Amino acid sequence: MPASPSTARAINDRLALRLLQQQGSLTAGQLKQLTGLSRPTVADLVERLTDAGLIAVVGEAGEQRRGPNAKLYGIVADRAHLAALDVRTEGVSVIVSDLVGTVLAEASAPIGGDAGTGPAVEQAVALVERVVKEAGADRLHTVGIGAPGLIDPASGELRDSTGLPEWHRSLVAALQERLPEARVIVENETNLAALAEQRDGVAADRDTFVLLWLGHGTGAAVVLDGALRRGASGGTGEIGFLPVPGTTGLPSAVDCEGGFHSLAGSAAIVELARSFGLLVEDASAPEPLAAGVVGKAVALVTGNTEAGVGTAAGADSAAGVGTVTADGPPDRDAQAASADRFLDTLADHLAVGAASVVAILDPGCVVLGGEVGQAGGEALAARVEERVRRMSPLATVVRPSGLGGAAVLRGALLTARDAAQDELFAPPDR
């Protein structure tokens, strides 16, 4: 059946707004060309959207003559302000943006586990309020939060998970109370990282892929046919609990030790590095130590020290994630050989988990995400891919993350932006 006039107008308006989001400011003529709509129809939708306060004239187009077609229209970015949070075990990162996603202010702060639930929550909420003030925002329209743990698919709430700080769940409730006008959306951190890699990262050309999160802990996000899959209880991707060979036991319902986490978690990677004579010194940075040791091992193998990666004893990492040195003679060839064997063994460990996922889902692409995946780069990804190809008949490419740990915050912002635009761009009568 043909759409009613009101439905057609709503569809056209949404199409124009999406184009302005994706392309930036456009003239009425450009909107006509991109939408395929007639000039009168475009003129009508521009008038409607302007009257609704959603778009405004932001300039004129180049050398074109003055007139209606020369005016550049853009989304009114300050129509709404958004916040995104990356909630980790020991800290919080916050960004505040406008409606189109331009970051206006950002900050991070450590939150000690010994602070107690109340003080920890107050620290986090105070950080959000400070960043909102620095951004010049009067109020927040939508808040996107990325956190470790399970999200209840029915309620959308963060479930109580063993091993995670109690203040995580209390923070969500506190933000909803302190920001009564804002919509608060909580999502698993790994799922948000996958969303960011799909939109802005290395999986932009893939409708189906799996992101293997490698940070302090492990996780996985599954995207099939363009859609994120969460599972019946929100637990799709809890790969840390996957029973694998090479561990000293089996995981339990309340502890992932003995599962894939024991091979691929940050502590396991650091211990593996030490076994190959790569010494790790804690620089008290929020990033996983594993990212530092993997990055330096890659630098030793490839000879790339331009990024500030130290290779001599006591050298500091530019990223502030600790230092790695070789235990024994300070011969660079010997150090590189140790680093090469370390990366090979790490790839063996990661391939066990990756191949298990490939055998079940056949995603065609596995992204090594998180800080560790980014630090390993192509050197680690190529090793994992070669091993997966030997273990599975299913063709699979393995790519390093393009966003690393920043993917969680980016995914949280994209989620908040999409939700806000869905509401604000909706027809008035919906």
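I will go from the chain as a whole to a few local sites, and then to the cores.

Two remarks on the source. This is a predicted model, in which local features need pLDDT of at least 70 and side-chain atom pairs count only at pLDDT 80 or more, while totals for chains, interfaces and linings use all residues. Residues are numbered from 1 along each chain as its sequence is written, and side-chain values use heavy atoms, with hydrogens and water left out.

The whole chain, then. Its secondary structure comes to 12 helices and 15 strands; helices (H or I, at least four residues) and strands (E, at least two) are DSSP runs, numbered from the N terminus. Of the 430 residues in the chain, 50% are buried. Buried here means under 20% relative accessible area, exposed means over 50%, and partly exposed is in between, with a 1.4 Å probe and protein chains only. As for contacts, meaning heavy atoms within 4.5 Å, take those between residues at least 6 apart in sequence: 64% of them join residues at least 24 apart.

Now please look at strand S8, residues 183-188. S8 is largely enclosed by the rest of the structure, because 5 of its 6 residues are buried. Strand S7, residues 142-147, runs parallel to S8, and 6 bridges join the two. For the record, two strands pair if DSSP finds at least two bridges between them.

Is Glu187 buried or exposed? Glu187 is buried, at a relative accessible area of 10%. What does its side chain make a polar contact with? The partner is the side chain of Arg230, at 2.6 Å. A polar contact is a pair of N or O atoms within 3.5 Å; within protein, one must be able to donate a hydrogen and the other to accept it, and residues adjacent in sequence count only if both atoms are side-chain atoms. Across in S7, Gly146 stands opposite Glu187. Leaving aside neighbours within four places in sequence, the contacts of Glu187 include Ile145, Ala147, Ile151, Leu192 and Leu228.

Leu192 takes us to helix H6, where it is one of the buried residues. At the start of H6, a side-chain oxygen of Asn188 comes to within 2.9 Å of the backbone nitrogen of Thr190. H6 is largely enclosed by the rest of the structure, because 10 of its 12 residues are buried. Among them are Glu189, Asn191, Glu197 and Gln198.

A separate item is an open sheet of 3 strands, in the order S1-S3-S2 with antiparallel pairing. Its edge strands are S1 (26-27) and S2 (55-60), each of which pairs on one side only. S1 pairs with S3, residues 71-75, over 2 bridges. Thr27 stands opposite Leu72 in S3.

Next, the cores. A nonpolar core is a set of buried Ala, Val, Leu, Ile, Met, Phe, Trp, Tyr and Cys residues joined through side-chain atoms within 4.5 Å. The largest one has 42 residues, and Val294, Phe342, Leu368 and Val384 touch the most other members. Elements giving two or more residues to this core include strands S9 (209-214) and S10 (218-224), and helices H9 (289-302), H10 (332-361) and H11 (370-391). Its largest share, 11 residues, comes from H10. Apart from neighbours within four places in sequence, Val384 is in contact with Ala347, Leu350, Ala351, Ala354, Leu368 and Val398. Apart from this core lies another, of 34 residues, among them Ala120, Val128, Val143 and Val184.

Most residues other than glycine have a negative phi. Asp225, although not a glycine, has a positive phi of about 55°. Asp225 is in the loop between S10 and strand S11 (227-229), and is exposed at 66% relative accessibility. Asp362 likewise has a positive phi, of about 50°. That residue lies in the loop between H10 and S14, and is partly exposed, with a relative accessible area of 42%.

That is the last slide.
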